[in-house]
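Walk through this structure with me, one contact at a time. Start with a pair of helices, then move on to a strand and the chain as a whole.

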Amino acid sequence: MVKTDGKAAGFDALDRRLIHALQLDGRAPFSRIAAVLGVSDQTVARRYTRHRTTGAVKVLGLTDPSALGETEWLVRVQCAPDAALPVAEALARRPDTAWVGLMSGGTEITAVCRASGTEHTDALLLQKLPRTPSVVGVTAHCRLHMFFGGPQGLVNKSGALSEAEAARLRPPPPDPATAPVTLTDGDRRLLDTLAHDGRTPLAELVTVTGWSPTTVRRRLAELRTDGVLYYDVNYDLRLFGHGVMVALWLSVAPAELAATGEALAAHPEVAFACATTGPNNLFASVVCEDVRALYTYLTTKIAALPSVRAMETAPRIRHIKGAGPLVATAPATTGRRR
């Protein structure tokens with residue numbers, strides 16, 4: 001589906017407002033969302049169910065690695081052309097990887113790997129990559145600071161909801177714990193279930209955890225307050241009129257890294273931005289309507305950042321895995337892109 005006459009075919013204005021509302025609070029009752037959108041509860045439920053069933057929209061309950069004392073690595077794997085897809089699929093099947101994709105030329109794989117603070121990085125990467133001579137190179141960049149991402153979805157930049165409407169749905173900001181949060185077995189069962197479906201009914205969460213409804217509600221609130229749990233919406237970016245997704249690696253003067261990262265994060269085209277280790281110390285995921293719009297973005301907004309010393313771009317040609325668990329029916333392109 002492509003953009004036609006300035007509108008995204010498949011998502012109308014109400015759909016986009018609904019997605020924005022879910023990004024602000026993925027478990028908000030349909031009645032509360034309906035009151036903000038000015039429609040009936042039944043309309044919201046019907047819209048969500050239709051898009052959820054087709055795979056165009058899905059709410060995920062995700063965890064912040066920093067709140068759990070984990071480290072994220074942005075990994076780039078160079079492969080022989082005929083091996084890239086099998087290697088990417090093998091990486092995607094691991095529970096500790098996310099955002100696995102094939103990049104331009106079909107010979108590079110990008111992925112995000114999570115590791116606990118006690119894991120040695122070299123061993124981590126060797127365990128994740130299949131032992132095959134077709135893998136000809138691996139580089140890993142540690143995420144040092146996130147400028148945009150996590151609970152901040154790209155749809156928040158769309159203006160689908162007014163600021164007054166968004167304020168009615170936006171939950172209080174988390175108050176992260178001073179030390180990494182230790183999860184119980186019940187917490188892990190709860191979070192694993194939410195990773196598949198952030199709107200899993202309370203009754204099912206009770207069954208999965210063995211807790212009472214009151215305990216489930218309390219623990220959900222605690223995990224959000226501690227910054228462990230947040231909700232994200234995966235949606236087909238093509239239905240918002242975005243046809244090109246690019247990984248952007250920038251080399252920035254160290255003294256200007258923070259200011260440049262904050263400026264980059266404010267761009268409507270940027271779905272994710274972070275500071276990393278390595279010669280290219282600023283990474284961003286960029287979405288544009290088409291190649292012409294991408295060229296305009298690179299030669300205007302990126303060119304206007306005075307501290308950028310070098311730039312590398314890598315278009316994504318195939319999406320293998322997003323933020324949540326690997327599922328066969330995942331949309332081809334999703335609203336949170338790394």
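In α8, the residues L202, L205, V206 and T209 meet P213, V216, R217 and L220 of α9. This is a predicted model. The contact of α8 with α9 draws on 6 nonpolar residues, 1 polar and 1 charged.

How are the two helices set against each other? Two numbers describe such a packing: the angle between the axes and the distance between them. Helix α8 spans residues 202-209 and helix α9 spans residues 213-225. Their axes lie 9 Å apart, at an angle of about 95°. Angles of 65 to 115 degrees count as roughly perpendicular, so α8 is roughly perpendicular to α9.

Now turn to strand β3, residues 57-63. Is β3 mostly covered or mostly open? It is mostly covered, with 7 of its 7 residues buried. In a regular strand, side chains alternate between the two faces of the sheet. In β3, V57, V59, G61 and T63 point one way. K58, L60 and L62 point the other way. Residues on both sides are buried, K58 among them.

Which strand pairs with β3? The partner is β8, residues 229-235. The two run in the antiparallel sense over 7 bridges.

Step back to the protein chain. It holds 11 helices and 12 strands. Of its 338 residues, 51% are buried. Among contacts between residues at least 6 apart in sequence, 77% join residues at least 24 apart. The chain exposes about 15200 Å². Carbon and sulfur atoms supply 56% of that area.

Methods: Residues numbered from 1 in each chain as written. Predicted model: local features only at pLDDT ≥ 70, side-chain atom pairs only at ≥ 80, totals over all residues. Heavy atoms only, no water. Buried < 20%, exposed > 50% of the residue type's maximum accessible area, 1.4 Å probe, protein only. Helix = DSSP H or I, 4+ residues; strand = E, 2+ residues; numbered from the N terminus. Pairing = 2+ DSSP bridges. Contact = heavy atoms within 4.5 Å. Areas by Shrake-Rupley, 256 points an atom, 1.4 Å probe, with all protein chains shown as cover. Axes fitted to C-alpha atoms, helices over the stretch in contact; angles between N-to-C directions. Parallel < 35°, antiparallel > 145°, perpendicular 65-115°, else oblique. Nonpolar A, V, L, I, M, F, W, Y, C, P; charged D, E, K, R; others polar.
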